[in-house]
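Here is a set of questions and answers for a reader meeting this structure for the first time. Please look at the sequence and the model, then read on.

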Amino acid sequence: MQQSHKGRGEAEKGAVKRIKRDRRRTEPIVAYNSKLKLGIMATPCVVVAVATLAAAITGQDILGGGTMLHIGGSLIGGLVAFTLLQMAFDKKPMLQIDEEGIRCRRPDVGLIPWSAVVGLGTSKATLLRRVLMIAVDDNELDEQAAGHMRKRVGLFAAFSPQVAKFEGQMRGWPSIHVPISYFSISPRDLEKQIAEKVKFHGK
C-alpha cells in the first residue's frame, strides 16, 4: 500500500496532492504489541542468557573467550529479552489512527495531525520486516514530533529499496517509519484498515 503526494517546492503553487481523510464517524484503528510474536523473539535471548551465565558460574568455556565473555553474553541476552518482554506486556496501544490524526509510541512521536500528513505507505524493511511510512510536513508538527524529526537518522532507505522509492516520491518531505510486524494485528489487515480509513485526492 503506497500513496505519495506533493513536493516541497510545489506546495505554494497549489499543484499538489494531499490526503483527505474519510470524514465519516468511524472507530479508531488501534494496534497493540503481540505477546506471542515478541515472546517468540525473546525465547532465544533467554536461552543464551541462561546458558552463558551457567557457563560462567561453572567455568565452562562454551564461547571460547573466557568467563568475562560469558558474563557479557549473559548480560546482553538478558537485556534484549527483558526489553522484548517489556514491549510484549505493554498494555498501551503502540499505534492509533483516529479523527485527530496518527498517534505513535514507537518511535515516540506522539500525535501527527492530519494537517501534517503528506503521504502514507507500507513497505518491507530489512531490519524491521515491515514498516508504516508517514511522510510529514514538519512545519505542522507539535514540539514532540518535531523533536523526533530533528534527531532521526535516515538509515531505512539504505536497507530497503521500497523505502528509498517512497522517500523519493515524497520529493523532500521527511518521513517517520513505524515498525508494524510486531503488532497483534497482521500487517495486511492493518494496511486494509488504513486504506479504508483515509482517502487520497488531487488538489
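Q: Which residues does serine 74 touch, not counting residues up to four places away in sequence?
A: This is a predicted model, in which local features need pLDDT of at least 70, side-chain atom pairs count only at pLDDT 80 or more, and totals for chains, interfaces and linings use all residues. Residues are numbered from 1 along each chain as its sequence is written, and side-chain values use heavy atoms, with hydrogens and water left out. A contact means heavy atoms within 4.5 Å. With residues up to four places away in sequence set aside, serine 74 touches Ala49, Thr52 and Leu53.

Q: Is serine 74 buried or exposed?
A: Serine 74 lies in helix α2, residues 66-88. Buried means under 20% relative accessible area, exposed over 50%, and partly exposed in between (1.4 Å probe, protein chains only). Because its relative accessibility is 11%, serine 74 counts as buried.

Q: How many residues of strand β8 are buried?
A: Strands (E, at least two residues) and helices (H or I, at least four) are DSSP runs, numbered from the N terminus. Strand β8 covers residues 129-136 and is mostly covered. Of its eight residues, the number buried is seven.

Q: Which residue stands opposite threonine 122 in β8?
A: Two strands pair if DSSP finds at least two bridges between them. Strand β7 (residues 117-125) and β8 pair in the antiparallel sense over eight bridges. Opposite threonine 122 in this pairing stands leucine 132.

Q: How many residues lie between β5 and β6 in their hairpin?
A: Strand β5 (residues 101-105) and strand β6 (residues 108-113) pair in the antiparallel sense over five bridges. In this pairing, isoleucine 102 stands opposite isoleucine 112 in β6. The number of residues between the two strands of the hairpin is two.

Q: What is the average pLDDT of the chain?
A: pLDDT is the predictor's confidence in each residue, from 0 to 100. Over residues 5-25 it stays under 50. In the chain, 79% of the residues score at least 70. The chain's average pLDDT is 79.
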